[in-house]
Amino acid sequence: MIKEKKGKKEFKFDASHGVCPLCVAGGTLSLCKFPSSLDSTAVPQNPELMLWAASDAEMILRNRFLGFMIWQSIQSTAIFLLCKTLLLSPFTPNHPFIPSLFGCLAFLLFNISMALFAVSIHVNSSPQPRRPASLLELGLSLLRLVFTASTPPDGGFRKRERVSLGFVMIVSAAAMSGFLAVVSLVWGSYRGSFRELVGEVGFRGFAVGLVYGLYFVLKQRWVLVFPIIQRPTFFNFKMGIPSATRKSLRLSFGTYLLSALLILLFPQRSTSWLCGWSYFAQHVVFYIGSFVVILSWELIQHLHKVLHTRRFMFAPPKGSAAAETNPSEPLLTALEESSPRSLLQYLAYLDMYMICRSNIDTWRRAAFFEETGETYKRIVEALLKPLDQLTSTLSDGLSSSTSSISHQLCSSDDIHQNSEILESFNDFQLFAWCAEAAASLMGHSHKEDRFGVAQLSGSHAAVLSSLLSCLLAVEAFMGKKTSLQSPNHMLGPAGIRWATNNSSVRREIATTVNKKKNSPVHSKAYSLADVLKISIYRVVAEFHEEMLRSAKEGLLEKDWLSSSGKPIYGSRDLFAQKLELFLSFQAT
């Protein structure tokens, strides 16, 4: 809704009428000015600022989907017209630039095929990888359903079964989209009969879509990867066009060669198909059609990622009554009430990360330190919850061993085959946001907390204990030594460190660590350990003088580590020794 106010146009967003899908998806590009880096102090003018409540969660995702469908239809229309006028016009004998009934029908079929592919990737997209059910599990489930008329009670299998059905949906939609899109593009440039057009070109387009669908699923292109830097929507989309073009050229060449082999399956064709220019022209037309179709798929997938990984600000407009009373409630509601590991929860954690790590919305961060301290406690609990869940999962996976040495000596297959541990590292991005946001918020409280609610509520000790516990669990999973020894351990009378008799044990540990480096989750575990160390160092650098004073007085464990209950992994003594290493900047 636009109002005139003193000769200027004032934009007001009415939450009761929702938000324009184009604005939510990034249509009003001039109003969406995100800073080019996380350290920028520019305040973004985001049209998504609006009153948000829990009931509006579905509206956010629905409007983003509508905006995505609108923009992909515009994109598909532009690609179709450019292909017809620039690439296929030399091969169109009869009036290529004059609209016709068949041309309009081809245009409609092309847009329907692209919309079919867009819907399939939107329905099955997820911010984290998901494990499908194996063929053996699906076969056993089918036999159980046929002979016993019952389904397996395992809820995890049902989730994996839905994931498998989603993959089948993507491959089927890509195959059908390839059939319709290639036929609609080369329609008018193909010199054979309509039966040959559908039978040969359509079948080859079906094969192109089938291969691309399998490639899309196996490469996990359906996973929404959030960008490190939140750029404006237009520039973020523009940066992916060269990469999409190069990838389309490679894929179209491979699928063209594969589909060309299918020509041998058809019966004998007319001689005109096999002679000179006609033979060459038909192959060029099909290659152009397959390239344009794959390029359109690549751009649709890129557009979907750009629009759905864009930051959403869970806050009322600055200066409104809600912003003056409780501006943090929409964000807290999204963090606490959204479905675990859903896109909405990822957007909420991204918004929290941007508030804590940057100087974009200082007024929102200042509202965290309100006088009662309840807001700060709820935010810290929401940030530490995913990290504590990861620590608990790793602790359960490592609990089969009875000592830290046996943790390191057990084979990588014994630990890494635990499906829960494998799936837990799929949320690496979420864990990194939580660790960095919690440490940054604790660091900002040193200067911005006027009431001292962060220290008085005991949140400092909770943050440090959770970060240290998670770090020790990740390091134990990677095969590192987690039990710290005193500096004088194994020293002789002259202060000489003597060789121990367990050198063979250390060689076995090194061998086990090398095996784990080849595992698929080792890189994520290694990266997460670095993120946790950097987060702890950020806290130590901010509170270095206070921690040194507590260490000299022998109160480091009491002042900076949580004393409520038993830690999820490790012990308070181990936390204190690890924290002393961070204080001396020797933790590696």
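Cysteine 356 is buried in this predicted model, because its relative accessibility is 0% and the cut-off for burial is under 20%. Cysteine 434 is likewise buried, with a relative accessible area of 0%.

Arginine 357 pairs with glutamate 436, with 3.3 Å between the closest N and O atoms. Arginine 357 belongs to helix H13 (residues 343–357) and glutamate 436 to helix H19 (residues 428–448), so the bridge ties together parts that are 79 residues apart in sequence. Arginine 357 is partly exposed at 24% relative accessible area, whereas glutamate 436 is buried at 16%.

Helix H19 takes part in another of these pairs through glutamate 448. Its partner is arginine 365, and the closest N and O atoms are 3.0 Å apart. Because arginine 365 sits in helix H14 (residues 362–366), this pair links parts separated by 83 residues in sequence. Arginine 365 is buried, with a relative accessible area of 1%, while glutamate 448 is partly exposed at 28%. Salt bridges with shared partners also join Arg311, Asp351, Asp361 and Arg364 into one network.

A further salt bridge connects arginine 131 and glutamate 423, whose closest N and O atoms are 3.0 Å apart. Arginine 131 lies in the loop between H3 and H4, and glutamate 423 lies in helix H18 (residues 419–424), so parts that are 292 residues apart in sequence are tied together. Both residues are partly exposed: arginine 131 has a relative accessible area of 37%, and glutamate 423 has 33%.

Helix H4 (residues 135–148) contains leucine 143, which is partly exposed at 47% relative accessibility. Leu143 contributes to a nonpolar surface patch of about 770 Å², together with Leu136, Leu140, Leu142, Leu145, Val146 and Phe147.

The loop between helix H2 (57–87) and helix H3 (101–124) holds serine 89. Serine 89 is buried, with a relative accessible area of 14%, and its side chain reaches the backbone oxygen of threonine 85 at 2.8 Å.

Two residues other than glycine have positive phi values. Glutamine 220 has phi near 55° and lies in the loop between helix H6 (194–218) and helix H7 (233–239); it is partly exposed at 39% relative accessibility. Phenylalanine 585 also has phi near 55°. Phenylalanine 585 is found in the segment after helix H26 (572–583) and is partly exposed, at 48% relative accessibility.

Methods: Residues numbered from 1 in each chain as written. Predicted model: local features only at pLDDT ≥ 70, side-chain atom pairs only at ≥ 80, totals over all residues. Heavy atoms only, no water. Patch = residues over 30% accessible without salt bridge, like charges linked within 9 Å, V, L, I, M, F, W, Y side chains within 5 Å. Areas by Shrake-Rupley, 256 points an atom, 1.4 Å probe, with all protein chains shown as cover. Salt bridge = Lys/Arg side-chain N within 4 Å of Asp/Glu carboxyl O. Helix = DSSP H or I, 4+ residues; strand = E, 2+ residues; numbered from the N terminus. Buried < 20%, exposed > 50% of the residue type's maximum accessible area, 1.4 Å probe, protein only. Polar contact = N/O pair within 3.5 Å; in protein donor to acceptor, adjacent residues only side chain to side chain.
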